[in-house]
Amino acid sequence: MRICSRNNADDFGAAVSFRTPLMAAALLACLLTFGCSPERVSTPGADAGRAEQLRATLSTATGGGDAGGAAASTGTGWGTLKGRFLFAGAPGESKPLMVDKDTEICSKAGVKLVDRSLLVDPATKGLANVVVFARKASRVKETTAPATPLIFDQKQCEFIAPVFAARVGQPIDVHNSDPIGHNTNIAGSSFNQLIPAGQGTLYKADAETGMPTMVTCNIHPWMKAYAVFRKDGYVAVSAADGSFTIPDLPAGEPLEMQVWHERSSGPNGALGLDNPALKWTPKGRFQIQLTPDEVKDIGTLEVPASALGT
Amino acid sequence: MSTATASTTLSPDRVGQSLPPARKARPVSEFLSTYVFSKDHKVIGLQFLFSTLLWFLVGGLLALAVRWQVAWPWSDVPVLGKLFAQQGGQMAPEFYTMLFTMHATVMIFLVIIPILAGAFGNFLIPLMIGADDMAFPTLNMLSYWFMWPAFFAFGASFFVEGGAASSGWTSYPPLSTNVASSPGAGMGQTLWLVGLTLVGVSSMLGSVNYMTTIILMRAPGMTMFRLPMTIWAMFITAILQAFALPVLTAAGFMQLTDRTLGTGFFSPEGNIVNNAMQATGGGQPLLWQHLFWFYSHPAVYIMILPAMGMVSDIMTTFARKPLFGYRPMVYSIAGIAGLGFIVWGHHMFISGMNPALGITFMVSTMMIALPSAVKTFNWLGTIWGGRIQFTTAMLFALSFVSMFIIGGLSGIFMAATPVDIFIHDTYFIVAHFHYVLFAGTAMGVWAGIYYWFPKMFGRTMNEFWGKVHFFLTFIFLNGTFFTMHILGAVGFPRRLADAYHYETFHHLQPLNAFMTYCAMGMVATQIIFAINFFWSMFNGPVAGRNPWNANTLEWTAPSPPGHGNFDFQPVVYRGPYEYSVPGVEKDHLMQTDPPNAAEAAAAAAAHG
Amino acid sequence: MANDNPSGGSSKRSRLMGIFWSLLFLAVPVLGVAVFIVAPWYDIWLPKDVSEHGKAIDGLFMFILALTGVVFIATEVLLFWFLWKYDAASATGPAKYIHGSHAVEVIWTIIPAATLLFLAIYQMNTWADVKMRRPAMTPSVEVVGRQFEWRLRYPGRDGTLGTPDDLFLVNDLHVPADEDFLVQLKSMDVLHSFFIPNLRIKQDAVPGMKIPVWFKATENGEYDIVCAELCGWGHYKMKGRVTVESRADFERWLEKMYSRQEATQPEPLSAAEGAAVALTQ
Amino acid sequence: MKSQIVSRTFVRLHSSWAVTACSITLLMCVPGCGSTPAAWFRPNMVEATKQRLTPDQERQVATVMLAMFGTPDAPIALPETGLDEAKLQLAAGPVHSDIVGRKNGLYREHCAHCHGVTGDGLGPTAAFLNPYPRDYRPGVFKFKSTERSDKPTHEDLVRILHNGIPGTSMPSFALLSPPKVEALVEYVKYLSIRGETEIALMRAFFELDDEAQGKLPETREFLVDEMLTPVTEKWKAAADALIAVPEMASDLDLAASIAKGRELFYGDKANCVKCHGPTALGDGQANDYDDWNKAIVEVSKEVKSGVERAGETSTSGMDSEALAEHRGQLAWLDKFGRVLDGGDALRPRTIQPRNLRHGIYRGGRRPLDLYYRIHAGINGAPMPAAKGTVPPEEIWHIVNYVRSLPYELDGELGADRPMVAKDRF
């Protein structure tokens, strides 16, 4: 290599006469590198040594043990959690959606469909469609399990509920009140069904969604909603005025609540607020503990514009 | 024009004249005008020589990479391995496709054509016809500087998205016109077409220049039939270029517009490439093949004729004997050139072209073997009864003949249409054109370099190392290319990244490995040449004006000649091959030697 | 190097060099012929021909090989002999002063010309048989080249292509033995070339053209279909297989494939798949 | 004399050019020599960035993956995966033949240049193919005999290898010997399981409680039981999850059935026309994506809006903490941008509904295959399931109609007569 660079530096021919052979010899060397043995390098970024140890631990079959790690049930009785989300800032005009199909139905009477990802009540500043749910609950109050099928309807090429919560296994009547056919596609689930005009089909969520998952209609790609399914049903979606209520939470033990909003700039839509009182984390979680039969109102929670995408 | 130059040549005071002070004062412009934007045909010739030799190196390395994959498919590539590390050093098939495409492109358009016409044509024509420079020095300079954009176009195409062109050097549509059809069909292909056009412009400027110079600027007494074979070859090559090239350029533009504007000259309607229905259509893929080969078949002779000419001169010099059948040699070159225009269809026997048309082309192709045969016989006639000196130049020239016989004869197999059905696009054809272009032309080029090196640099190359270079090259090239014939006999197809998954070809891997070893040896051998070349430039024994005791005019000029070439106006009295004339004390009479009685008598006797 | 100097006298050493070089050139014909003699022993030779027209092609190949072989040996040996005999180091006296001979030129122009012309005419018939005299029949199969596979379509029971009972397959061509077989060759995207070494068949598939290819296979067995025209990065893997079998087997196979194509229930897997699955259990 | 000087210096000049150029060739050659690095599995950078993993966390995932699955040259299959390591060995590693002449490295010989060494659909040729080669890592497969969310059966994958996927760049491997096909199928499963596990691990970081300090527990319980097993269970379940296909009525009148199918095709119930278009040329729906591309579209949107937002917010009046967070956000967006533009994601392409007039059926042309597609929809693609809302006998009608489309008479198609299979297939 250094031979080469010297040749580069040297520009005029005087020295060429004796450098040329050197250069050529080096070139020969290069051409004869066909045999040079590749010394293997390992996966970039991985710690090969640690991986070896780990492999040992993985191959030793230990008795499974309780992997779930559900919180140990301590307290007794039930409490209710209330709160209200306010949007601090100007929501601005929500953009109209690109409707290029079935317009005679989808924009009936000139009603333009708009993007509903940020709904703020002009009067109360309340922020709608914030999802709040308990990450882990040791106990579930059986009586609270609702039996009635939840109706998830679509009308004028719009899912009526932009965000809806249900319990795992709870029957959901996915309905289509339009005179045209739709399909409902719940991401990450087994469900992507044709819903003929005016009909519905029953669906029971078979697994929990971590954070809310997207629901779309592929025939009308602008149609979008979010669904969240929880085993324990400790989940609430904030109303138009931003208020939410989760009744019958297990009392007497620390609860960690997860907060989500479609437009949140946090990871996976987690809504991070600056609220030390509730030990609010950037992952959009806060801690509470209820005493039996308490109705805990955590008051109004200001959501700054910076926390949401514009 | 010629008179004007003649008058300057004749002015005695310009001999050994030193630089005028005014020009000394501005060394930069002096430097530029002398070495870079020089209009001196010799400087331009050497510029061509050095550039093409560098590309020769590139093309050789590409060939090695190709051979590597053919011999040991998918095994880690040593030198290029880094490029596809995530693949574990394995060569991706589209990369292989790109390699052989660019190997052919570089070798044909950046090495063989420019080194023959550009380097030797430029350097030799004025010297051998006794002119002081080309007819159009500026055009001449441009013809070199048009190569550089081409160099950049081809060079850059290696680094664009999708890599360089990868649809073969023949660039058959739709593979080349449809951007979706292969990675290399993207920017790489466009650059390829641009480069091709520029090379074309360069050759066109050159050939116009050569024709004019040879017709108008011959020294007094230099009749057409006193021209050395080299000049005849260059002359006819120039004509071929001038007539064939425009067709390729036009076709190139059509392909370019097909790719950029979707003109669809070459794409049929409703083609589904890469699962996308093609919008445009109405074209015919075969049209490109006709246009392309209408140039590229004559181009094959553009790539061999000048070498034939040079070899004829070198053989006479070292056989110390007149060329056997000078006029038949000239006529056969002309014949090759003429027939060369009506045989292009033999590249398309199985392309879907009307089989009846195939028969026509088969006959004309058979006929073109004739002049080549005549030339070979005449070369043999030339060394018969000679006094052969085994100089390096002579050895390369002889090997040209020996190898050209193989290349010529193997061509007859392809010309036979039924046989072509089987060996078309197999290694048989690869063997054939490598015997013509490498074992033929390249050997001729080396002969030329060893022969005219003294005239170029004033020193002779080292004969011993020259012969070592010849010996090894000769052995390795036959090891590499002769075996390709039997590969072809099995039907081993060209351009396959891995042919061994076919039961038919599975057993051929060892043979291919052997060929690859030979190829490596061949490339490594050229290092000897490189060292010898650069070393001799400065340390070789100083050569006089006429180290080989040859007859042609360039040997009357100083070595190396300065501006204006000759320090006196050469006047020609005889043909270029008057060796061993009876009754003359020295065994050769230069074209400029004034006639004498003995010679006249002998000539009379001989021509009776 | 003195003795290499053109003006150098004939020393012993330079004579030895002369011998060495002439022998080197003698090695060309000797080894050249040797290669062609040895190659068949290692099975590096024309693959087994199982077609009717193939014999003619192979015969022509061998004929040209012999013809060119003779010329090759003659010229190369002559070259060697001249080098040996007229080495400046050994030969005495001046070189012959001769500019050529009209008679000789005529001779060695006429003879090759006649030979070549004969060759040209001699082979026309074979060419016409393979590419021009198309048997009068409807296509037995449509072969469509596509990056990077051969898509096949058999006409099905009604014998016409483009009807709902067509049979669609990939890469696996079956052919009845000892019968004229007419392939309608098309391409979907770029140029391909339909090459069956053992059948001595090669024909480019050109998009926008329907090119007929016909042959009569004479021996049962499985043979490679190779793509012989660069068709993109996957050119090397555009591999097919032609199975030559008796008419009865052919019919049976067609039926099996058709019933499988029309399956309305999960059915036993094909041979390859069956074997594959068997391996897993 | 001048001429000498001229040409001497000229030569020096040129030879020094030559020297320089040769040295450049050297510089190009020398680094190339020596270590050809072993192939490695490329980490799923899109997911990693989406989950905002720190470098340490990325390293932990890489290490765990190395421990659980090994490298492309030396794959490891834990017993829980139910994979046969012997078969994996055949498919893995660089291409070579062992002592008994058995070919190894099949995956890299036949698959890697499209699907990538990692099975991420990012092989060297991937970007130039349409549609893009499948990314195995999400574990989603389109053409199978099981319900939408189930894994394909072993036979399904074998069938794909055997027939190829017409209408895509996936060729047929019918001529590969059964053991080789077996090995490849096994290896594809391996890559898929590996990819899904990797994604699970990366997502697990978000679910961690705060006391975990952003580090996954490296216990067998967590890695195998919680991360790996849920993935492998689905693969094991596939074999028994076959869709039950009721027989087509034996006395069925084909013409009538085709007519009924046509009604359904254009009707509101099956609604095929909405995407496959009134001419069935697949021109009904042009602006939707399949799941693989949609994922990229979504994150690109997120990044885009994030960048805009960052541009708007003024860093003045921010306390140090907020400023740090803001900077972190910027760094993340920047990294995400680089990941998306770099080799880790392909430019998203919309998905075209199938043109049913070509007679090209990607999932196979058997009536059975079409039944599967219509019954269960196509996983990963917008195509919804008709089951439940469309009874089986009606699905059969649609199947018959779709199979008749390439041959439908010109008259019925009106003015814009599409290219039908009779002309070109």
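Tutor: The conversation below takes up the conventions, then chains, helix packing and individual residues.

Student: What sort of model is this, and how are things numbered?

Tutor: This is a predicted model, in which local features need pLDDT of at least 70 and side-chain atom pairs count only at pLDDT 80 or more, while totals for chains, interfaces and linings use all residues. Residues are numbered from 1 along each chain as its sequence is written, and chains are lettered from A and ligands numbered from 1 in the order in which they are written.

Student: How many helices and strands are there in chain B?

Tutor: Chain B has 19 helices and two strands. Here helices (H or I, at least four residues) and strands (E, at least two) are DSSP runs, numbered from the N terminus.

Student: What is the radius of gyration of chain B?

Tutor: It is 25 Å for chain B, close to the 25 Å that the globule rule gives for 608 residues, so chain B is as compact as a globular protein of that length. The radius is taken over C-alpha atoms, and the rule is 2.2 Å times the number of residues to the power 0.38. The C-alpha trace of chain B spans about 80 × 60 × 45 Å along its principal axes.

Student: And chain C?

Tutor: Chain C has five helices and ten strands. Its radius of gyration is 29 Å, whereas a compact globule of 281 residues would have one near 19 Å. The C-alpha atoms of chain C fill a box of roughly 95 × 50 × 35 Å along the principal axes.

Student: Where do chains B and C touch, and which element of B gives the most?

Tutor: In total, 103 residues of chain B are in contact with 88 residues of chain C, contact meaning that the C-beta atoms, placed from the backbone, lie within 7 Å. Helix α13(B) gives the most to that side of chain B, with 17 residues. By class, the side of chain B that touches chain C has 65 nonpolar, 28 polar and ten charged residues. Ala, Val, Leu, Ile, Met, Phe, Trp, Tyr, Cys and Pro count as nonpolar, Asp, Glu, Lys and Arg as charged, and the others, Gly among them, as polar.

Student: Let us stay with α13(B). How does α11(B) cross it?

Tutor: The axes of α11 (residues 305–319) and α13 (residues 355–383) of chain B come within 9 Å and cross at roughly 15°. That makes α11(B) roughly parallel to α13(B). Axes are lines fitted to C-alpha atoms, for helices over the stretch in contact, and angles run from 0 to 180 degrees between N-to-C directions. Angles under 35 degrees count as roughly parallel, over 145 as roughly antiparallel, 65 to 115 as roughly perpendicular and the rest as oblique.

Student: Which residues of the two helices make the contact?

Tutor: B:Met308, B:Met315, B:Thr316 and B:Ala319 of α11(B) meet B:Lys375, B:Trp379, B:Thr382 and B:Ile383 of α13(B). Five of the contact residues are nonpolar, two polar and one charged.

Student: How does α11(B) lie against α16(B)?

Tutor: The axes of α11(B) and α16 (residues 427–457) of chain B come within 9 Å and cross at roughly 45°, which means that α11(B) is oblique to α16(B). On the α11(B) side, the contact is made by B:Ala307, B:Met310, B:Val311 and B:Ile314, and the α16(B) residues include B:Gly440, B:Gly444 and B:Gly448. The residues of this contact divide into seven nonpolar, four polar and no charged.

Student: A change of topic: is C:Val190 buried or exposed?

Tutor: C:Val190 counts as buried, with 32 C-beta neighbours inside 10 Å. C:Val190 is found in the loop between β5 (180–187) and β6 (192–196) of chain C. Leaving aside neighbours within four places in sequence, its contacts include B:Pro174, B:Leu175, C:Pro207 and C:Cys231. The C-alpha atoms of C:Val190 and C:Pro207, 17 residues apart along the chain, are separated by 6.2 Å.

Key:
A residue is buried if 20 or more other C-beta atoms lie within 10 Å of its own, exposed if 12 or fewer, and partly exposed in between; C-beta atoms are placed from the backbone.
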